[in-house]
Amino acid sequence: MAKKIGVTMDVGNDGVAVITISNPPVNSLASPIIAGLKEKFRDANQRNDVRAIVLTGNNGRFCGGFDINVFQQVHKTGDLSVMPEVSVDLVCNLMEDSRKPLVAAVEGLALGGGLELAMACHARVSAPKAQLGLPELTLGVIPGFGGTQRLPRLVGLAKATDMILLSKSISSEEGQKLGLIDALVPPGELLSTSRKWALDIADGRKPFLRSLHRTDKIGSLSEARAILKNSRQLAKKIAPKMPQHHAVIEVIEEGIVHGGYSGVLKEAEVFRQLVLSDTAKGLVHVFFAQRATSKVPNVTDAGLKPRPIKKVAVIGGGLMGSGIATALLLSNIRVVLKEINPEYLMKGIKTVEGNIKGLVSRGKLTQDKAGKALSLLKGVLDYTEFKDVDMVIEAVIENIQLKQNIFKELEKVCPPHCILASNTSTIDLNVIGEKTNSKDRIVGAHFFSPAHLMTLLEIVRSENTSPQVILDLMAVGKAIKKVPVVVGNCIGFAVNRTFFPYTQAAHMLANLGVDLFRIDSVITSFGLPLGPFQLGDLAGHGIGLAVGPIYAKVYGDRMFRSPLTELLLKSGRNGKINGRGYYIYEKGSKPKPDPSVLSVVEESRKLTNIMPGGKPISVTDKEIVEMILFPVVNEACRVLDEGVVIRASDLDIASVLGMSFPSYRGGIVFWADMIGPKYIYERLKEMSETYGSFFKPSRYLEERATKGMPLSELKSSRSRL
Ligand SMILES: CCCCCCCCCCCC(=O)CC(=O)SCCNC(=O)CCNC(=O)[C@H](O)C(C)(C)COP(=O)(O)OP(=O)(O)OC[C@H]1O[C@@H](n2cnc3c(N)ncnc32)[C@H](O)[C@@H]1OP(=O)(O)O
Ligand SMILES: NC(=O)C1=CN([C@@H]2O[C@H](COP(=O)(O)OP(=O)(O)OC[C@H]3O[C@@H](n4cnc5c(N)ncnc54)[C@H](O)[C@@H]3O)[C@@H](O)[C@H]2O)C=CC1
């Protein structure tokens, strides 16, 4: 059925015009909607039979904000003229300054431009549990439609800057306490109450309040300046590299110092500059890329329904198993946690308890919810409880034979509908399921550490995994607040495979004589939270050593063999886990670079002997970024070429959520396309001529560079999914 898009107006016998936005699924403000709103407001203002106006949204959702597709259109074309001039024309002139009272009837959500329209009304009536917020900073822009000016005037400056800088939405209940919402009524009474409220204003029984003109919640100039000073500190802390966080404070300040109308004008000017920034391009791409991961051909479009998953068994209560169990429990899923002996089982349970208590102490979970979650956990040492589980997630150590035996056993003890998932980070799923007859229900559920906090869930399908099983796991992933990305089966899957050259390149640079702490600092300045050496410390160097040969078996032609990890372990440094790696880890203090590790690096340099003429190479910071991240792009090209992901943007999301690649750069492929495949190809070619085949450009990269095509443009026939 075609979507019904438009704005309607119904004028009742009471003289109230109800203007309704209709643009499913979230009533976003697409150009025809804005044009429709202007037309209806003009009409309502002119008609003699209209005394008051109610603005609402269709299908239980007021409005999800400006249509983000328009931003994407601006990014593709560079053409700002598609952005409507609404802040003054519609929101100030036609709405707020209208002589007829205007009431917003809010239900479901009022976000971004949606809340801004509501704030331009003279009162707001809401149904319970509506979501209210200005999340524009997450898209690299600032609130438009006067949002930067009206929110501080309705909820106070401190609360408004907090909501805007953190893109934090509030419920309508909280909105009522703050003064953003004037009345909270059951959904069935929303329209009748709003109509009555509008007439009450018209008849002088209720005040005719124009938000932009209010000053009662702003406080004195010196109070406002003190709040804005704190906001600047917050912005510096949470988003040092994001221009929109800093710009929005300037815009708010303009309104405080020179008045709301002046603030609205500055808001539009700054908005225009920001919407074209690389940050906005990256973040808008990430918005759509994340939503695209929900669409898996032949799975989500196959007419299947996810089956209920009520009870899950997790095998292995180590680092990953305990995190996975925590994530499931927090979403009210019963968990059976299996270990090999009472001591390890107790350790696993204690870790789960610690994870949950940690959330309580950080104010992220109530004591009640924590108690409920823990009551759903049962520790076991055998398979008795497995007879009625809907899914098993195996998270034992990375050992092929052990995993094969476990899956063989699972086939016997679990019901036939039960999904058999492995959290393996490297092993081929076909190998894991080799000894079973259940290959259609074997799937990879690759969580990232710490599993209860990291949002990526890589769902690995083999050629035998059934669409129903993939759909079920996607549904569980969403239920436990993860972003599931379905990928194909290969060593390292999509994320670890794409990023294995990250550490390798860093080792090569260190062996070429570049200071490892400088490498880490350059990479963190680029925007990754941890440089490659600190990341290695965090993961533990034992893991790196264990998976190295597995990668070497399949990708050996393009690997740099560095003795550094082995030497490091030999010197008693396993990373954070034992307090020493490249850095020194002490409780309660930040990791400190350990100068004594330099003798280990020297030993490695002697063994590799790759410094030209025995002297350290001289590189700029830009060259360090390129030498570390272009090989990652190169591997991403192979992942795309082999069809390991459905679409390039899936790899962007996986890199952002799994590797913390900066979201404002749009993900690894998007970033590479912004730089240009030709430049990357040429740089890698130069590097490979100087430093060897580790940097050799892939066929896919070469082809795209030669043809002038973006990396993100896939040939669909290549997908193996
Ligand atoms: C010349 C310059 C002049 C300057 C003057 C300014 C002019 C313009 C100013 C613009 C003013 C603004 O204030 C800017 C904004 O309003 S920006 C938008 C702010 N809103 C948001 O950020 C909300 C984004 N959406 C969400 O958070 C969620 O989608 C939510 C909570 C609304 C619903 O979540 P749910 O989980 O239920 O669904 P999905 O997220 O899967 O979304 C379903 C579907 O809807 C699409 N969607 C959602 N929101 C928007 C939107 N705002 N625009 C377009 N499309 C949207 C989403 O992509 C999904 O689509 P499909 O994947 O199903 O195709
Ligand atoms: N550590 C990491 O960052 C990540 C690890 N993985 C994968 O997750 C899996 C588990 O890794 P970790 O949790 O780090 O290992 P871990 O060593 O912390 O935990 C493994 C646990 O499995 C238990 N175990 C072994 N055999 C068992 C059996 N037969 N029945 C029940 N329990 C058994 C062990 O006693 C141990 O407690 C591995 O496959 C690993 O590759 C995946 C993503 C990230």
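Three elements each supply at least two residues of the shell around ligand 2: helix H13 (319-330), helix H16 (400-413) and strand E15 (442-447). H16 gives the largest share, three residues. The model is a predicted one, and what follows describes that model. In total, 23 residues surround ligand 2, and the closest of them are Met320, Glu339, Glu398, Lys403 and Ser425. Sorted by class, the shell around ligand 2 holds twelve nonpolar, seven polar and four charged residues.

Some of the contacts with ligand 2 are polar, and they involve both backbone and side-chain atoms of the protein. Leu319 places a backbone N or O atom 3.0 Å from an oxygen atom of ligand 2. Met320 has a polar backbone atom 2.8 Å from an oxygen atom of ligand 2. In Ser425 the side chain takes part: an N or O atom there is 2.8 Å from an oxygen atom of the ligand. On its own, ligand 2 has 830 Å² of accessible area, of which the protein covers 80%.

The other site is that of ligand 1. Here there are 31 residues around the ligand, and Gly113, Glu116, Glu136, Arg291 and Lys295 come nearest. Gly144 contributes through its backbone, where an N or O atom lies 3.3 Å from an oxygen atom of ligand 1. Taken alone, ligand 1 exposes 1200 Å², and the protein buries 79% of that area. The elements giving two or more residues to this shell are helix H2 (68-77), strand E5 (109-111), helix H4 (113-120), helix H11 (260-275) and helix H12 (278-292). By class, the shell around ligand 1 has 16 nonpolar, eight polar and seven charged residues.

On the H5 side the contact is made by Gly147, Thr148, Gln149 and Arg153, and on the H11 side by Gly260, Gly263, Val264 and Glu267. By class, this contact has one nonpolar, five polar and two charged residues.

From H26, the residues Ala648, Leu651, Asp652 and Ser655 meet Ile668, Val669 and Phe670 of H27. The contact of H26 with H27 has five nonpolar residues, one polar residue and one charged residue.

The remaining points concern the backbone in loops. The loop between strand E2 (16-22) and helix H1 (31-46) contains Pro25. The peptide bond leading from Pro24 to Pro25 is cis, with omega near 5°. Asn27 lies in the loop between E2 and H1 as well. Its phi is near 55°, a positive value in a residue other than glycine.

Another cis peptide bond runs from Ser449 to Pro450, with omega near -5°. Pro450 is placed in the loop between E15 and strand E16 (456-461). E15 is the strand already named among the elements that each supply at least two residues of the shell around ligand 2.

Notes. Residues are numbered from 1 along each chain as its sequence is written. Chains are lettered from A and ligands numbered from 1 in the order in which they are written. This is a predicted model: local features need pLDDT of at least 70, side-chain atom pairs count only at pLDDT 80 or more; totals for chains, interfaces and linings use all residues. Side-chain values use heavy atoms; hydrogens and water are left out. Contact means heavy atoms within 4.5 Å. Helices (H or I, at least four residues) and strands (E, at least two) are DSSP runs, numbered from the N terminus. Ala, Val, Leu, Ile, Met, Phe, Trp, Tyr, Cys and Pro count as nonpolar, Asp, Glu, Lys and Arg as charged, and the others, Gly among them, as polar. A residue is near a molecule or strand if one of its heavy atoms lies within 4 Å of it. A polar contact is a pair of N or O atoms within 3.5 Å; within protein, one must be able to donate a hydrogen and the other to accept it, and residues adjacent in sequence count only if both atoms are side-chain atoms. Accessible areas come from the Shrake-Rupley method with a 1.4 Å probe; for residues, only the protein chains shown count as cover.
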